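Try each task before reading its solution.

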Amino acid sequence: MVPIILVTLVLLWQAVLVGYTFTLASGAADEGVRKAVAAGAWDMRSRCQEAVHERLPGAWEGSADIRCEPGSDVVKATVRLEAPVLFPGFAGLPIPVTATAGAAAEGK
């Protein structure tokens, strides 16, 4: 019975890590868009990427693929992370976690 309980706990822990990765990606994308919209037209992309990097913990920051796309009417940020296997910093799952956020550009 003990092995079944241990496998169940490991699977639950992995599900928690995947869910936390979704939460991190979503929060980082939202923060990046918010900072980009408030920055102004000349440095939206750099402010967005800086805000995303500040929001992510170190173990997730290394696998982050960040795309900030300032448009004429909408600013969009996409954050793609790898969910860790068993604990952060060890290895990543082959299925990426992607979150996208967008906001209307101010002053339009």
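Predicted model: local features only at pLDDT ≥ 70, side-chain atom pairs only at ≥ 80, totals over all residues.

Residues are numbered from 1 along each chain as its sequence is written, and side-chain values use heavy atoms, with hydrogens and water left out.

**Exercise 1.** Find how many salt bridges the whole structure holds.

Solution. Start with the criterion: a side-chain nitrogen of Lys or Arg within 4 Å of a carboxyl oxygen of Asp or Glu. Searching the whole structure then gives three salt bridges. One of them joins Asp65 and Arg67, at 3.7 Å from N to O.

**Exercise 2.** Work out which residues are linked with Glu31 in a network of salt bridges.

Solution. First, Glu31 meets Arg34 at 2.7 Å, N to O. Next, Arg55 bridges to Glu31, with the closest N and O atoms 3.6 Å apart. This second pair links distant parts of the chain, 24 residues apart: Arg55 lies in helix α2 (residues 44-55) and Glu31 in helix α1; helices are DSSP runs (H or I, at least four residues), numbered from the N terminus. Together, Glu31, Arg34 and Arg55 form the network.

**Exercise 3.** Decide whether Glu31, Arg34 and Arg55 are buried or partly exposed.

Solution. Buried means under 20% relative accessible area, exposed over 50%, and partly exposed in between (1.4 Å probe, protein chains only). Glu31, at 18%, is therefore buried. Arg34 has 49%, so Arg34 is partly exposed. Arg55, at 43%, is also partly exposed.

Terms used:
Helix = DSSP H or I, 4+ residues; strand = E, 2+ residues; numbered from the N terminus.
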